[in-house]
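Welcome, and thanks for taking a look at this one. The report below goes through salt bridges, cores, surface and backbone in turn.

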Amino acid sequence: MAHQLDLTTGKAAMAYVGDTPWHGLGQQLSVNSPLEVWLREAGMDWTINEAPAAFVADDGQNIAFDNRKVLYRSDTKKPLSVVSGGYKIVQPKEVLEFFRDLTSSGGMSLETAGCLFDGARYWALANTGRNESVLGGDKDQVKGMLLLTTSCDGSIATTAKFTSVRVVCNNTMKIALATEKADSVRVTHSSVFDPMKIKSALGLLDAGWEKYMDEIRQMANTKISDAGAKQFIADLMLTPSQLATFNKGEKLHERVAKKITSVYDLYDGKGMGADDVRGTVWGVLNAVTEHVDHHIGRIADNALWNSWFGAGETLKNEAFDKALEYTA
């Protein structure tokens, strides 16, 4: 199942406000719903329990697996992982509680929360209240977001980071603050989860939001030719040998050529919101991000995770940095 939302209880473990997600699953909530409602509707109202790890040998003897423990769900008893004895658990409820003061008095509002991979990974995403237009007026709105996510299978440290969402297509991109405060904070599972320390280390989005908006507005005002857009995509997505073939005007392998064409087509009008930004660096950047967030994601097993933390995030970050070079 492409979205990998947790369906352990028979209900998709995701809650959201606003438009229905592309996979059509989850529970829609009203803005500013209580955290207790989010906890229930996002499928996060259970705890992670632990038990000593053991196995049955071929002679029937029960043998303890020293310094290892099994983590399992309190509601279904489903095992989630085997981890070291010192692994520090962050409960699903703690991820939502992280946002209690931020939503009650900090001007933020939750937008999505839920569980992936049978509950082994879970997240909450909040709108920071920093929403602005790239093109002026109310055209091409971008929202500043704060994401907190973690795992109980060792796949990722507890991570809080600022990101942005382009409203017209729900593309997500990094916000590099470039200040004394970090734009993301990671806490390994060998350390105790301390929400206040994370918030202190992360700082406020205000420090870099205007800088970020200036950067993407410059991208929107920087023209690029159709040939330049194809070159941008090729430079980003091809291996050195493939790029050499492309630059010589020689024929690429059909599968490789199709990948380049599919991204270019998003830039050339097929992408969401493409008509307003075609012919600009902002337009080609969003073609890449839409490709990662909505097209690769529909066939990749770890769709959402790939967009936030995997190869998809890496590709989007490289595209953003490349777009900045065009505006320098």
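## A buried charged pair

Let us begin with D6, which counts as buried because its relative accessibility is 2%, under the 20% cut-off. This is a predicted model, so please read the values that follow as computed from it. The partner of D6 is R73: the two form a salt bridge whose closest N and O atoms are 2.7 Å apart. The pair ties together distant parts of the chain, with R73 in strand β4 and D6 in the segment before β1 (14-16), 67 residues apart. R73 is buried too, at a relative accessible area of 1%.

Side chains of opposite charge can pair when their charged atoms come close.

## Salt bridges elsewhere

Across the whole structure, a search finds 21 salt bridges. One of them joins E97 and R100, with 2.8 Å between the closest N and O atoms. Here E97 is partly exposed at 31% relative accessibility, and R100 is partly exposed at 32%.

Another salt bridge pairs K270 with D265, and its closest N and O atoms are 4.0 Å apart. K270 is exposed, with a relative accessible area of 64%, while D265 is partly exposed at 23%.

## The nonpolar cores

The largest nonpolar core holds 77 residues, and the members touching the most others are M44, L96, F99, Y212, I216 and W282. Helix α10 (residues 281-296) supplies the largest share of this core, seven residues. Another core lies apart from it, with 12 residues, among them L5, M14, L147 and I156. In soluble globular proteins, nonpolar side chains tend to be buried together.

What does L96 touch, not counting residues up to four places away in sequence? Its contacts are L35, W38, L39, M44, L110, A113 and A124.

Leaving aside neighbours within four places in sequence, A287 is in contact with V263, L266 and Y267. The C-alpha atoms of A287 and A227 are separated by 15 Å, and these two residues are 60 places apart along the chain.

In strand β6 (residues 109-116) you will find T112. T112 is buried, at 16% relative accessible area. The side chains of T112 and W123 are joined by a polar contact of 3.0 Å. Setting aside residues up to four places away in sequence, T112 touches M14, A15, Y16, W38, W123, A124 and L125.

## Positive phi angles

N67, in strand β4, has a positive phi of about 60 degrees although it is not a glycine. N67 is exposed, with a relative accessible area of 53%.

D118 is found in the loop between β6 and β7 (121-133). Its phi is near 65 degrees, again a positive value in a residue other than glycine. D118 is partly exposed, at 37% relative accessibility.

Terms used:
Residues are numbered from 1 along each chain as its sequence is written. This is a predicted model: local features need pLDDT of at least 70, side-chain atom pairs count only at pLDDT 80 or more; totals for chains, interfaces and linings use all residues. Side-chain values use heavy atoms; hydrogens and water are left out. A nonpolar core is a set of buried Ala, Val, Leu, Ile, Met, Phe, Trp, Tyr and Cys residues joined through side-chain atoms within 4.5 Å. Buried means under 20% relative accessible area, exposed over 50%, partly exposed in between (1.4 Å probe, protein chains only). Helices (H or I, at least four residues) and strands (E, at least two) are DSSP runs, numbered from the N terminus. Contact means heavy atoms within 4.5 Å. A polar contact is a pair of N or O atoms within 3.5 Å; within protein, one must be able to donate a hydrogen and the other to accept it, and residues adjacent in sequence count only if both atoms are side-chain atoms. A salt bridge is a side-chain nitrogen of Lys or Arg within 4 Å of a carboxyl oxygen of Asp or Glu.
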